[in-house]
Each structure stands twice: as C-alpha cells, then as structure tokens.
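Subject: A structure for you to look at

Hi,

Here is the structure I promised you.

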Amino acid sequence: MVLPNISYDVSYRNIKYPRLEFKTGKLLFILPIGYEPNFFLEKHRKWIAQKSEFIRKCLKASSGRKLVKRTDKQFRNLVYSFVNKTSEEIDVELNRVFYKRMKTKWASLSPKRNLTVNTLLRHLPNKLIEYVIFHEIAHIIEKKHNNKFWKIIIKKFKNYQRLEQDLFIYWFQVAKKL
Ligand SMILES: [Zn+2]
C-alpha cells in the first residue's frame, strides 16, 4: 500500500517504544530519542496508511456534525442522571464526579472510583454522553479493554463501535475549541 503524501510531525521523548498520535488530525510520531522517523514509517507503513485513511474519513465527516447547545448546568444534570442510571444498571457505585477540560480523553476513572468528565463533552449528543459515562463506570468492573469489558458494553450498546467512531469524529470538531 502506498502512502500518498503523508505528512507528519516528529516529537522525540524519553520513551522506550515509538508510538503514533492523531490528536488534531495530523500524524504525530512520538519516537525515542535517536530513533529514525523513516525507519518507523517503513516498518509500520501499512498500519500507518490505514490509520491515516481512518483519520481522513473522520475529519471529513466531522465538518458535517453539529455541536449541541446546552448550558453547563444542563450538562451537569445530564451527566448526573446518566451516572445514576448506569450505576443502577450495572450495579456499581461511583464515588465522586469531577469536571475538567482535557486534551486527550473524554473521561477517566480513578482507582478510587472518581469519575473525571471532560467539560468538552457538553457539546455532544445525549447518546454519546451516556455512552462515555457507561464506558467509564463499566471500568469499575473491568479495568482493561478485554472481552469481559466489551461484553458488559455490548449488552447495552450493540453499536458501540459506531459510537466510538462518532466520538472520534466529534473530537475533531471539539478540538477546535482547545
Ligand atoms: Zn475504556
């Protein structure tokens, strides 16, 4: 597979293994100090090409997505209602909910069962907010993204792959606010 004009940035960090990031839609190679970018590109050519194609599609789709208008209060009420609903549905209890503007994730769960919600989630449709919250709370039962985890998810969100992709698409829209 050829890579038609793949442009990328390189960032060297004190890490062991090379990795890729697509935060803003542009490829970023994060490489161990002294690592040759061309070597990385050659070694993972096919995978990088597939990833780039996926990003290109998402970027294209993102311009057609409308962001939702709701106030901060409406957003927090919505989050709490989904937190309560989900806790009941999968029978686990969350400790506290925090809000923070984050640059790399929609939400995260701490070992102390505290949920941190990205405030940028405020602009997304209800269904995606519900999915993000359900996903994080399900991590109380299973930390890893393994079969056991996806089984919990699929019981409620049969189309979770589609939702994951939608989250990606919306990220490009919302990232403009960063
Ligand atoms: Zn997860």
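E5 and E6 pair in the antiparallel sense, over three bridges. Across from Ser-108 stands Thr-116 of E6. Strands are said to pair if DSSP finds at least two bridges between them. The labels are DSSP runs numbered from the N terminus: helices are H or I runs of at least four residues, and strands are E runs of at least two.

Before you go further, please keep in mind that this is a predicted model: local features need pLDDT of at least 70, side-chain atom pairs count only at pLDDT 80 or more, and totals for chains, interfaces and linings use all residues. Residues are numbered from 1 along each chain as its sequence is written.

Back to the strands. E5 and E6 belong to an open sheet of three strands with the order E4-E6-E5 and mixed pairing. Strand E4 (97-100) and strand E5 (107-109) are at the edges with a single partner strand each, so one side of each has no neighbour in the sheet. From one strand to the next, the twist averages 20 degrees (axes are lines fitted to C-alpha atoms, for helices over the stretch in contact, and angles run from 0 to 180 degrees between N-to-C directions).

There is another open sheet of three strands, ordered E1-E3-E2, again with mixed pairing. Ser-11, for example, has Ile-30 in E3 as its bridge partner.

Now for the whole protein. It has six helices and six strands, and along the sequence they follow the pattern β-β-β-α-α-α-β-β-β-α-α-α. The protein is divided into domain 1 (8-62) and domain 2 (72-177), with bounds that come from an automatic or database domain assignment. The C-alpha centres of the two domains lie 26 Å apart. The C-alpha trace spans about 50 × 35 × 30 Å along its principal axes.

What share of the 178 residues is buried? Buried residues make up 17%. A residue is buried if 20 or more other C-beta atoms lie within 10 Å of its own, exposed if 12 or fewer, and partly exposed in between, with C-beta atoms placed from the backbone.

The largest nonpolar core holds 20 residues, and among those touching the most other members are Ala-107, Val-117 and Ile-129. Strand E6 (115-118), H4 and H6 each supply at least two residues of this core, and H4 gives the most, with seven. Such a core is a set of buried Ala, Val, Leu, Ile, Met, Phe, Trp, Tyr and Cys residues joined through C-beta atoms within 7 Å. Leaving out residues up to four places away in sequence, Ile-129 touches Leu-78, Val-79, Phe-82, Leu-121 and Leu-124 (contact means C-beta atoms, placed from the backbone, within 7 Å).

Last, have a look at helix H6 (residues 160-174). Its buried residues are Asp-166, Tyr-170, Trp-171, Phe-172 and Val-174, and their cover includes helix H2 (45-62) and helix H4 (126-138).

Enjoy exploring!

Conventions: Two residues are in contact if their C-beta atoms, placed from the backbone, lie within 7 Å.
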